[in-house]
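Below are some notes on how the two parts of this chain meet. Please read them with the structure open.

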Amino acid sequence: MSDDRSDEATAGWRPRTRAVRGGLDRSPHGETSEALYLNSGFVYDNAEQAEARFLGDDPGFIYSRYGNPTVAMFEERLAQLDGSEACFATASGMSAVFAALLCQLQSGDHVVASRALFGSCHYILTQLLPRYGINVDLVDGADLDQWRDAIRGTTTCVFFETPSNPTLDLIDIGAVTELAHEVGARVVVDNVFSTPVLQRPNEFGADVVVYSGTKHMDGQGRILGGAVLSSREFIDDHLMQFLRHTGPAMSAFNAWVLLKGLETMELRLGEQCRSTQIIAEMLQGHDAIERVLYPGLESFPQRELAQKQMSAGGSVITFDLRGGKSEAFSFSNGLRIVDISNNLGDAKSLITHPATTTHRAVGPEERAKVGIGDGMVRLSVGLEDPADLMQDLTDALNAI
Ligand SMILES: *Cc1c(COP(=O)(O)O)cnc(C)c1O
């Protein structure tokens, strides 16, 4: 859209500057902050202009299901942060995942995905896609040999999240992308846990990146949102028509909240990563805990890969309490600051018991395969003082 700054001037901006000013498209009123355009439709100067818009010859807006000025500012800002050519915002992270896959797949296609997936991603891959004749194979994502065996000539798409929810398994983005590209398959990465602040999958060759804006981008528990980022060509050839005509558009209000969220995301996430690191180190030493998983720990099984593709460990720690469900429940119920909630990336620290909530529907067999035990909890570290959080966690652990 119209931009009073030339691309040349903005090209050299560093991420912090992009986060605050990227995509800013001021109206003639010259507002400081991004304007919120709460309108569904747009009017045309004349019938000829309407015709030109629909033909694509006139670049203005048509209808907010197709695009909206506030949403467009969010899309441009996120694209700049992600280092992707283009972005399409969606109503939620799941509509981004669904659209990124369905817009390019057809009956007979073969998809390879990592087994360690967010519950709703697991549903799309294992329940929904097979209903439309799309064959899906799941692999243990950390094992490159399994990817090598599963990816074949008919594979058109590869999907994974890294780190995975909730076990924080990492997948070597560069290595899996190389295997996928050998057979001409596209790589779709769910980068929700890392955000573009900690990891940019396209730098390792990934073709499509999906985000949930609901998590760290908003980061304050207010709205749902999502986004698909890729080359301009992928969006033009596959995604745009799919999203325009199926309708999971992001609301202008949510885009406005997310624009403000992106401004502070790097600062918030930086603090959250620092707190998470010291909390993970503390948890490691507690007798009530059997195992702590956090990519920032020296003991993390995939530490080398974490350092290769992530700039910090993130804001989520997953740990196994000695015992099982009753110990995990007792611990969660004993927390006074940390809330029991299945969201993550929030300013408020949140604890989840995956086996009975986010990963209940995947069933005990799949949970066992990816290592989600009944004593496992997932902690999303917020912006409270880490000393208070450590006290809260220690008190609850001691009281189990
Ligand atoms: C939360 C989440 C999603 C879905 O995002 P919503 O905005 O809740 O729809 C997808 N993938 C991962 C890894 C998530 O954590």
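1. Contact between the domains. In this predicted model, 37 residues of domain 1 are in contact with 38 residues of domain 2. Domain 1 covers residues 13-261 and domain 2 covers 266-398 of the protein chain. Their centres, taken over C-alpha atoms, are 27 Å apart.

2. Buried area. The size of an interface is often given as the accessible area lost when the parts come together. For domain 1 and domain 2, the buried area is about 3100 Å². Carbon and sulfur atoms give 60% of that area.

3. Salt bridges. The count between domain 1 and domain 2 is 2 salt bridges. A salt bridge is also formed by Asp172 and Lys308, with 3.3 Å between the closest N and O atoms.

4. Helices on the domain 1 side. Which helices each supply at least two residues of the side of domain 1 that touches domain 2? They are helix 2 (15-21), helix 6 (119-131) and helix 9 (195-198). Helix 9 gives the most, with 3 residues.

5. Residue types on the domain 1 side. The residues of domain 1 that touch domain 2 comprise 17 nonpolar, 14 polar and 6 charged ones.

Note on methods:
Residues are numbered from 1 along each chain as its sequence is written. This is a predicted model: local features need pLDDT of at least 70, side-chain atom pairs count only at pLDDT 80 or more; totals for chains, interfaces and linings use all residues. Side-chain values use heavy atoms; hydrogens and water are left out. Domain bounds come from an automatic or database domain assignment. Contact means heavy atoms within 4.5 Å. Buried area is the accessible area (1.4 Å probe) that two parts lose on being put together, summed over both. A salt bridge is a side-chain nitrogen of Lys or Arg within 4 Å of a carboxyl oxygen of Asp or Glu. Helices (H or I, at least four residues) and strands (E, at least two) are DSSP runs, numbered from the N terminus. Ala, Val, Leu, Ile, Met, Phe, Trp, Tyr, Cys and Pro count as nonpolar, Asp, Glu, Lys and Arg as charged, and the others, Gly among them, as polar.
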